[in-house]
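Dear colleague,

Please find the structure below, followed by an account of what was found in it.

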Amino acid sequence: MAGEFVPEGPDLKEMGEEELWELINDNRHRISLGVRPCIVIPYLRQARVLTEMDEDEILSCHNLTNRCMRTSYMLDLLRTQGRNGAVALLESLMIHYPTLYTQVTGRKPSTEPSRFSGLIKYSELTEYLVRAVTGMQKELQEARCEAGRMSARCASLELEIGQIMEQEEKSRCLQSENERMQRYLCSLQREVTKLKDEKCDLYIRYTAAIEEQSAVNKRLHNLNLQVYQLQTDLQNVQTETDIQKKLSFRCVSTPETPQLQEEVRSLRCQLAKAEKLDPARQDILAQDLAEAIDSQVELAGQLRCYREENEQLLRDKQGLLDQKQCLSLQVEQLTLDCKMHQQKSTLIQSQMRALQAERDQAYLSRDEAQAMIARILAEKDTLRCQLVELQEKFFSLQTTHNSRQQRQSSDELEVGWESLRSSCEEFRVPARRRLCRSNAVNPMSLSSSNSEYEDAAASSVRSRNAEPPSPESIRRRQKVLNADSSCETAESDYLLDDFVFLPSVGSEDKQTPRFSSSSGSSSCGLNLLRTLAPPFLVRSRPKAIRVNGRVLSISFQGEKLLSQLTVVGGNKTGVFVHQVTEGSAAHTVGISNGAQIVEVKYEQNHKALKMVLEDSTLEEAMWALGQVTGLCHLSLRPRQDDYEALLQQLRSCETSSGDSFYVRVNMSLPAGPGGTLAVSCNDILHVTNTQPAGTEDMWYASQVHPCQLLDLQSGTVPNYYRAQRLLIRAIEEMSFQAKKSPKICRVVAQNKQKAVRIVSTGRLGRNPLWVSVEDEKTKSVDTGATSAPKGCVTLMPYTLVTPHYPPICRPVLLLPTVLGRILDKKLAGWQGFQLCEPEVLSSSEHTARLQRSEILEECEQEHCCYTLQSVEKVMKKGIHCVLPLGLDCVRRLHRSEIFPIIIYVGQTARSARKLRSKLQRHGQSEDQLLACSSSEEPLLDKLPCLYHSVAPDSWCDQTSLLNSLRTVIWEEQKKIVWVEPDLW
């Protein structure tokens, strides 16, 4: 309701010019930001306050880089129209921007005729209003259609949401089943742990048993030694006993015999006890022996296993030693290569220094030559001045001499005054203009002019007889003298401009008789002096001019031009004539090998077309030359040294052609037969040959290292128009699948998220990778519509890119914007990062920076904004500047040669729940995060540079996400920045 009560401002018809423009200037900033010139210019043209030239200047001037500058310039032009310009501007605002009109004037807009000033007639105003209403109705109809499409889209989204809810329910069931399986797995793991503990106890017991067995074996061995010792002692005792028996029978006495017998009985008892063992002890010893044998067998088996393991380890060791040796050889080879590259770089640097010294010496020689030329020209001007003075003296002396001869002849022949006057007029010297520097005169033209003058002298018009001429002869003579004076003066000036005077007294004295005799033999000595080269004039050297890249234009019949000549080269080296067919029209006009084709002109369908081939690829040049039919004009530049260098590179296989450019792939291409290269969307390719031998509609390209300009895997890829057809077919298949089954379409979209990147030529309206055709009549650039190549010129499978090497730390831009606002301060708290701070500007400074496009983004506070200078200030410190901005700042930064690191963190409902507490702390919700992510993700493909995407399942919380971002920033800083031309 508040919008209905608008206070009525003063009537515009009653206001003067200054009041109206003061009202407009008070709201100039608002008008500059809210008005689009292309909308209001038709009404201003209708009101005759702007001309067609003004319209072209406003909409097409390169100095006006944004809409605000165009609107401000339009206001300046309207200011020159006085009150009519102000009234027409306000009326156009009332028609097209009623809200802005109310804010500026304080009056409600109305389309009644009485509210208009009368700058436009009533019929024209009605017609314009009808057109405006019709346009608004069309816009309303389009808006309604868009609303219908959006409602249908909402219905489909609601259906998808229902299906997603069903899938979520299934996922919860699967999650519960997964938790149950995890619990069962944990129980199995506990049982396995128990079994491992039991196995460990068994190993311990087995080790103890082995130790006990070894102790028993030692005890058995000791017992065996003791038995052996006892048997040895027993044998010794038996031997001694036998000896004692023999001695006793021989030499013992009777009293000692009983005592000896007692000893013998005791010894026999001990011997019997020693020979007879206990059965229990024998069983124990036998059992111990059997156990010792079993343990020995087990130990032998373990020893065999250990030996096999030892042999395997020896083999592994030998393999590792061989691998180490190979690696050491590779290291040595790499060291040698590094030293060789260092030597090459040192040699190249020394050569560069020598070339720089030669260049400096050449510059000095050039300056000296220019100074010498200037000095010679000054001397030449001085000599010409002397020549003019001497000629004037000579002519005055000759005139005096002729007058004396005339007086003598008049005294002798008594000729009347009339004949004397005619003779004086005949030899009168015409006024001479100052000599000026000009081109040389062709000697053939001098000879022809001499013959003409001789014929003229022989005619009756210029009589040489002594008697007085008739009145009719005098009249004819006067007409001829007036007609010939201008021609003779010009010819003499051209003649004298190309000669210099030699101030030699001897030569002048020697040549005086010649002139006296010449004047004596002929009464037209002055004419002979002008037409014939005087004996004291000599030919000077030609004028010194500098010829840079001389271009020669040749015209001939170009029927089947590619059969008359073959070309080599490309966009890097230029397109050169390689071979010319003998007997052809090209061979007849003198086209030879080594000439660069700069441009070709021909007629087609009664139109004069011009194709510039100076920077075109070999494929473009072949296509352009194949379009020539009939008479053509080739512009050639002789570059024999560059042609020989190109042939040397082709023979040595350093290059396969003269093409070299980088493209960004906008679709995924699988590998095929014949060495076709498999590429993915957003890959960078280095195209080195657009016409490889043995293939059709293919390019030879290589994948590029992300951090260096090095070619990696090479192969063939479809050329521009074949890839364009594949891109259209892929889009049609995706559309067919979307119509057939939305569920299948979603699955394909999830599996092939970046299979296609939709890029069009936008406002260029032509293929930037194809040759431009200029119409000579209209001088307009056309894509060759008369003989356009096959394919569509809107969708671009490849886009040209150029490499950039940022020398310092690049700014960081986190997306989606909602998540970036949360993580910016956390990221800026780390070492090597700093948050970009906004600046508060005055009104005038804000307007000036806005016109220079130095304001990246406005803040909520008035005249508080993020500027380009604040980003550069942080970058000069050698640290990363964290940008709390949106996607709109990327192109503004690129215009200033600042290339930010763009990181997009993918979002799902599950990943959004991980950040629920952080979002609530900043007043955001999960739905807002998902909506921001879905709205900004399609805009990433419109950026003129690459970006890095972080998968939503690659992080679990905020800390792991920040660590991942830090790793990504470190990797992206090392990469080359590939930037494509802004096509949007």
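This is a predicted model: local features need pLDDT of at least 70, side-chain atom pairs count only at pLDDT 80 or more; totals for chains, interfaces and linings use all residues.

**Salt bridges**

Glu-614 and Arg-637 are joined through their side chains by a salt bridge, with 3.2 Å from N to O.

In general, side chains of opposite charge can pair when their charged atoms come close. How many salt bridges does a search of the whole structure find? The search finds 22.

Another of these pairs is Arg-28 with Asp-76, whose closest N and O atoms are 2.7 Å apart. This pair links distant parts of the chain, since Arg-28 is in helix α2 (residues 28-34) and Asp-76 is in helix α5, 48 residues apart. Arg-28 is partly exposed, with a relative accessible area of 23%, and Asp-76 is also partly exposed, with 40%.

A further salt bridge brings together the side chains of Arg-916 and Glu-926, at 2.4 Å from N to O. Here Arg-916 lies in helix α27 (residues 916-921) and Glu-926 in helix α28 (residues 926-936), and the pair, 10 residues apart, links distant parts of the chain. Arg-916 counts as partly exposed, at 38% relative accessibility. Salt bridges can also share partners: Glu-17, Glu-18 and Arg-79 are joined into one network in this way.

**The largest nonpolar core**

In soluble globular proteins, nonpolar side chains tend to be buried together. In this model, the largest nonpolar core has 30 residues. Which of its residues touch the most other members? They are Ile-31, Leu-44, Leu-50, Met-74, Leu-78, Leu-90 and Leu-93. At least two residues of this core come from each of the helices α1 (17-26), α3 (37-46), α5 (67-79), α6 (83-96) and α7 (98-105). Helix α6 gives the most to the core, with seven residues.

Leu-90 may be followed in more detail. Leaving aside residues up to four places away in sequence, Leu-90 touches Leu-12, Leu-20, Ile-24, Tyr-101, Val-104 and Thr-105.

**Aromatic rings**

A pair of aromatic rings is described by the distance of the centres and the angle of the planes. The structure holds six aromatic pairs. In one of them, Phe-394 and Phe-395 have ring centres 5.8 Å apart and planes at 55 degrees, so this pair is tilted. Phe-394 counts as partly exposed, at 26% relative accessibility, whereas Phe-395 is buried, with a relative accessible area of 9%.

The rings of Phe-576 and Tyr-643 also form a tilted pair, because their centres are 5.9 Å apart and their planes stand at 50 degrees. This pair links distant parts of the chain: Phe-576 is in strand β5 (residues 574-580) and Tyr-643 is in helix α19 (residues 640-651), 67 residues apart. Are these two residues buried or exposed? Phe-576 is buried, with a relative accessible area of 0%, and Tyr-643 is buried as well, with 4%.

Elsewhere, Phe-661, Trp-699 and Tyr-798 form one aromatic cluster. There are also lysines placed over tryptophan rings: Lys-914 lies over the face of Trp-955, at 5.1 Å from the ring centre, and Lys-974 lies over the face of Trp-970, at 3.9 Å from the ring centre.

**The chain as a whole**

The chain has 29 helices and 24 strands. Of its 984 residues, 33% are buried. Among contacts between residues at least 6 apart in sequence, 71% join residues at least 24 apart. The chain exposes about 61300 Å², and carbon and sulfur atoms supply 55% of this area.

Yours sincerely

Conventions
Residues are numbered from 1 along each chain as its sequence is written. Side-chain values use heavy atoms; hydrogens and water are left out. A nonpolar core is a set of buried Ala, Val, Leu, Ile, Met, Phe, Trp, Tyr and Cys residues joined through side-chain atoms within 4.5 Å. Buried means under 20% relative accessible area, exposed over 50%, partly exposed in between (1.4 Å probe, protein chains only). Helices (H or I, at least four residues) and strands (E, at least two) are DSSP runs, numbered from the N terminus. Contact means heavy atoms within 4.5 Å. A salt bridge is a side-chain nitrogen of Lys or Arg within 4 Å of a carboxyl oxygen of Asp or Glu. Rings of Phe, Tyr and Trp (its six-membered ring) pair if their centres lie within 6.5 Å; planes under 30 degrees apart count as stacked, over 60 as edge-to-face and the rest as tilted. A charge sits over a ring if NZ of Lys or CZ of Arg is within 6 Å of the ring centre and within 35 degrees of the ring normal. Accessible areas come from the Shrake-Rupley method with a 1.4 Å probe; for residues, only the protein chains shown count as cover.
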